[in-house]
Amino acid sequence: MTFRVLLLESIHELARINLAAAGIEVELMDGALTESELAARLKGVHAVGIRSKTQMTAAVIEAADDLMAIGAFCIGTNQIDLDMATERGVAVFNAPFSNTRSVAELVLSEIVMLSRGLADRSREMHVGQWRKSAKGAREVRGKTLGIIGYGHIGHQIGIIAESFGMRVVFHDIVSKLPIGNNTQLTSLEAVLRESDFVTLHVPATDQTHEMIGANEIAQMKPGAALLNLSRGTVVVIPALAEALKAGHLSGAAIDVFPVEPKKNISDDFVSELRGLDNVVMTPHIGGSTMEAQENIGREVSTALANYFHAGGTTGSVNFPEVELPKVASAHRITNVHQNVPGVLSELNRIVSEAEGNVTAQVLATQGKLGYLLMDFDQAVADDVADKMNALDTTLVARAVR
């Protein structure tokens, strides 16, 4: 079987090279597609690679009869209906580590820009204005940086910020091991009160939706600055704009917005932050470096090829992570099934009836889903997969080659 993959949104060339080297047929497209366009293009496609603009809705996933996997060539997966993907037995992979450094470097550079008012000074120079002054310009050394969301990116930011001589505090919904001299505080409010700069690095969830509004901004130190390079739904932009106009906050750096243009090249961006002093706005480029995109292309394409050819699910966000070393002489099946009582006995019955001699197997469950990898020393994988697919509890079973 030849697997077909559609890569959208100008995913790095390395992804195509990796997949092609694994014998996978690849089609490339520069931009995103509408829901109806995407549903039509996914006919006969076994995996799709997307970034942040493509919306893998329930309707799209349901229409894609041959879809086995979705590769999110980015960190977030909120553009994917994970419930429907899981229900249909479609594995979803992302790249949670590959752009960590790129985002962290941009955060620290923007902290310096805000502290020195560099965006305004640069704009003035471009229109012929010379405004040399030390008023309002400060070093970042000795200032307190508050990190909300202490994951991979938060760790990196904390390390770099300390090398700048900053004090670093953070808050996360779970207890995290601090890196260096970073200090975990007990609440979001405590971080807001103590920090000269607050940077947000949280996923898009019901809990984080508009988590920084007028009330939270009012709790920040007078003259502090807010940075958001996480998700556009985390900050209430009108409330931020009002705090900037009133002088309560000295500046802001925003890379993500509640509503963003559908295309990468667009002249219709609208925001209440436009034209405000000491506000750095960037078009969702936190992870947009050549190094990050290359790393993401490698990470996700490797995961997809591994899933196709070995059944491994390392890096999946909706499947349990299962790996089994591939033996050349073995005949392998994978089985995605509902995590309900009695499934394993039914699967073992089918194997027994096929007189399959199992040489290795791994079964893991996650929530409502179970995932099985099984190797035989006889050529019974096709027969076993066919019979497993006839079970009501099986979502997808296939022979792996």
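The exercises below concern aromatic rings in a predicted model.

Residues are numbered from 1 along each chain as its sequence is written, and side-chain values use heavy atoms, with hydrogens and water left out. Because the model is predicted, local features need pLDDT of at least 70 and side-chain atom pairs count only at pLDDT 80 or more, while totals for chains, interfaces and linings use all residues.

**Exercise 1.** Determine how Phe3 and Phe308 are arranged and which parts their pair ties together.

*Solution.* Rings of Phe, Tyr and Trp (its six-membered ring) pair if their centres lie within 6.5 Å, with planes under 30 degrees apart counted as stacked, over 60 as edge-to-face and the rest as tilted. By this rule the count comes to 6 aromatic pairs. Among them, Phe3 and Phe308 are stacked, at 4.3 Å centre to centre with 10° between the planes. Phe3 belongs to the segment before β1 (4-7) and Phe308 to helix α11 (residues 290-310), so the pair ties together parts 305 residues apart in sequence; helices (H or I, at least four residues) and strands (E, at least two) are DSSP runs, numbered from the N terminus.

**Exercise 2.** Decide whether Phe3 and Phe308 are buried or exposed.

*Solution.* Buried means under 20% relative accessible area, exposed over 50% and partly exposed in between (1.4 Å probe, protein chains only). Phe3 has 7% relative accessibility and therefore counts as buried, and Phe308, at 0%, also counts as buried.

**Exercise 3.** Describe the pair of Tyr150 and Phe170.

*Solution.* The two rings are stacked, 3.6 Å centre to centre and with 5° between the planes. Tyr150 lies in the loop between β6 (144-148) and α7 (152-163), and Phe170 in strand β7 (residues 167-171), so the pair ties together parts 20 residues apart in sequence. Both Tyr150 and Phe170 are buried.
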